[in-house]
Structures are given as C-alpha cells and as structure tokens.
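Subject: Structure handover

Hello,

Here is the structure I promised you. Please open it beside this email and follow along.

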Amino acid sequence: MNKDEFLEELKKINIELTKIQLEQLDKYYNLLLEWNSKINLTRIIEEKEVYLKHFYDSITLIKAIDLNNSLTICDVGTGAGFPGIVLKIVFPNLNITLVDALNKRIEFLKLVINELKLKNIEAIHDRAENFIRNNRNKYDLITCRAVSKLNIISELCIPGVKVNGYFIPMKANIDEEIQNLEFLNKLDSKLEKIVSFNLPVENSIRNLLVIKKIKDTNSIYPRNYDKIIKRPL
Ligand code: SAH
C-alpha cells in the first residue's frame, strides 16, 4: 500500500490526516528503519508493507470503537508501538500508555515520543501481569495486537479495564480461540461483538473482539505468569 492508497483507504473510514500527522508517520517509519538495524523491532520493513500491515492495520481499531473522545487507553505488548503510537498520531486526543516487557523496545518508543513531540503518552517497561496488578480498573480501553492467545491476554489485560470499559484485542485468525469463551465469565466480562474485515490489498482476515467488562475482576487475577501459562483459564 503506497501512501496514496493509504490515504484513500483512510478516507473510506472517514479519516483525513493533516500534513503534520503525515510527517509524523513518515518520521516514525524512518526511525523504525534506522533502529531496526540495531535492535530487533519488526520483520516488516519495506515502506509499502509498513503502511499497510502496521500503520493502516493499527488504525482499524476505529472500526470497533469511537476513538475521537479523550479515552484513556493501554496498549499491552506494544512492541515497536503497534497499535499505540499510530493511534496517538492519528487520534491526538487519546491518553495512551504503552507497556512492553522488553526494555530496548521501550527505549525506542521513548525516543519516538520525543522526536515526534507526542503528548499524553507514556512508555513503560514492565511485564503486563505486574503492571496491570498495580493499575486495576484504570483504562477505558485496553488493546493488544499479536501478543498471545485470547485466554492468556484476557487474564493479563481485563483486570486493568474500568467497569463498563472494553478490552479489544486485534487478531488475525480466531476460529479456534473463540470455540470456548467460558473463561470470560471468570473475568466478569462478555464478548459483545466481533468486527471482522479484510485488510486492503492482501485481503487477509482481521478480527476485533469487543469484550466488555461487566464487574470488577476478582483480585486473584492476573496470576503470576507461570501459573497463567501452566493453567490457562
Ligand atoms: N503489538 C506489537 C508487538 C507484538 S510482539 C505488534 O503488533 O507489532 C509481542 C510483544 O509483546 C513483544 O514486544 C513482547 O516483548 C511483548 N510481551 C509479551 N508478553 C508480555 C508480557 N507478559 N508483558 C509485557 N509485554 C509482553
């Protein structure tokens, strides 16, 4: 997807970017390229691919929830900043916390935040289970892309969502994972809907699982990571 195609596709979902936002995306791409040769950030690096599979794909969260309000969002396992940095550029009104267990990536994100002069966004080096345990019921929305299986990330993320707030993981294939969603009851949450669509150009499938938190999660969650893995919900 070249930049013109990127802008065309955004228009279809009612998004028009300013010159400043386009420059910020361009700068972000160049920083990715520069730092990817020093630290492992992403295997997708060709410009057209980054605009499609990282930038456009991150923005598709708008298909599931209105991002034009000043929501407080946490992006768990953000890696090189997807979807969190892209969402902040496109929807500057958002308050965003990026969390990742790998400090090298967090250092890169701090540099991006600085270079792009982004405000109301922080990058935190921590494991999700520790971070969320200390930040319960705090976020209007927690999202995460390509981190782990649904039962694992749900336990990691949902305790951090406010009651009546949302956890919206961004997923490719979900056929197997949604066969049994009983674990959501243990987390006092329910699947409200699934927004499915195809990524433009390559037509691969994408799913946004809109999970609503109904009540405060039992304080035993999230458990320690070895327990989450050994005995998943
Ligand atoms: N969301 C990004 C990165 C996906 S790779 C994208 O879609 O491109 C998964 C990331 O999750 C890695 O950067 C890894 O360090 C982080 N991660 C995995 N388990 C984690 C945990 N328990 N806590 C915090 N970060 C975690």
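Helix 1 passes helix 3 in a right-handed crossing. A crossing is right-handed if the near helix is turned clockwise from the far one by less than a right angle, and left-handed if anticlockwise. Helices here are DSSP runs of H or I with at least four residues, numbered from the N terminus.

This is a predicted model: local features need pLDDT of at least 70, side-chain atom pairs count only at pLDDT 80 or more, and totals for chains, interfaces and linings use all residues. Residues are numbered from 1 along each chain as its sequence is written, and side-chain values use heavy atoms, with hydrogens and water left out.

**Helix 1 and helix 3**

Two packed helices are described by the angle between their axes and the distance between the axes. Axes are lines fitted to C-alpha atoms, for helices over the stretch in contact, and angles run from 0 to 180 degrees between N-to-C directions. The axes of helix 1 (residues 3-12) and helix 3 come within 10 Å and cross at roughly 15 degrees. That makes the two helices roughly parallel (under 35 degrees; over 145 is roughly antiparallel, 65 to 115 roughly perpendicular, the rest oblique). Lys3, Phe6, Glu9 and Leu10 of helix 1 meet Glu47, Tyr51, Phe55, Tyr56 and Ile59 of helix 3. Contact means heavy atoms within 4.5 Å.

**Helix 2 and helix 3**

Helix 2 packs on helix 3 (residues 47-59) at about 110 degrees, with the axes 11 Å apart. The pair is therefore roughly perpendicular. From helix 2, the contact uses Leu25, Asp26, Tyr28, Tyr29 and Leu32.

**Helix 2 and helix 5**

Helix 2 (residues 19-36) also packs with helix 5 (residues 103-115). Their angle is about 150 degrees, and their axes are 11 Å apart. These two are therefore roughly antiparallel. Lys27, Tyr28, Leu31, Leu32 and Trp35 of helix 2 touch Phe108, Leu111, Val112 and Glu115 of helix 5.

**The ligand**

Which residues come nearest to the ligand? Of the 16 around it, they are Phe82, Asp100, Arg105, Ala128 and Arg145. A residue counts as near if one of its heavy atoms lies within 4 Å. A backbone N or O atom of Phe82 lies 2.8 Å from a ligand nitrogen atom. For Ala128, a backbone N or O atom is 2.7 Å from a ligand nitrogen atom. Arg145 has a polar side-chain atom 2.6 Å from a ligand oxygen atom.

Best wishes

Terms used. A polar contact is a pair of N or O atoms within 3.5 Å; within protein, one must be able to donate a hydrogen and the other to accept it, and residues adjacent in sequence count only if both atoms are side-chain atoms.
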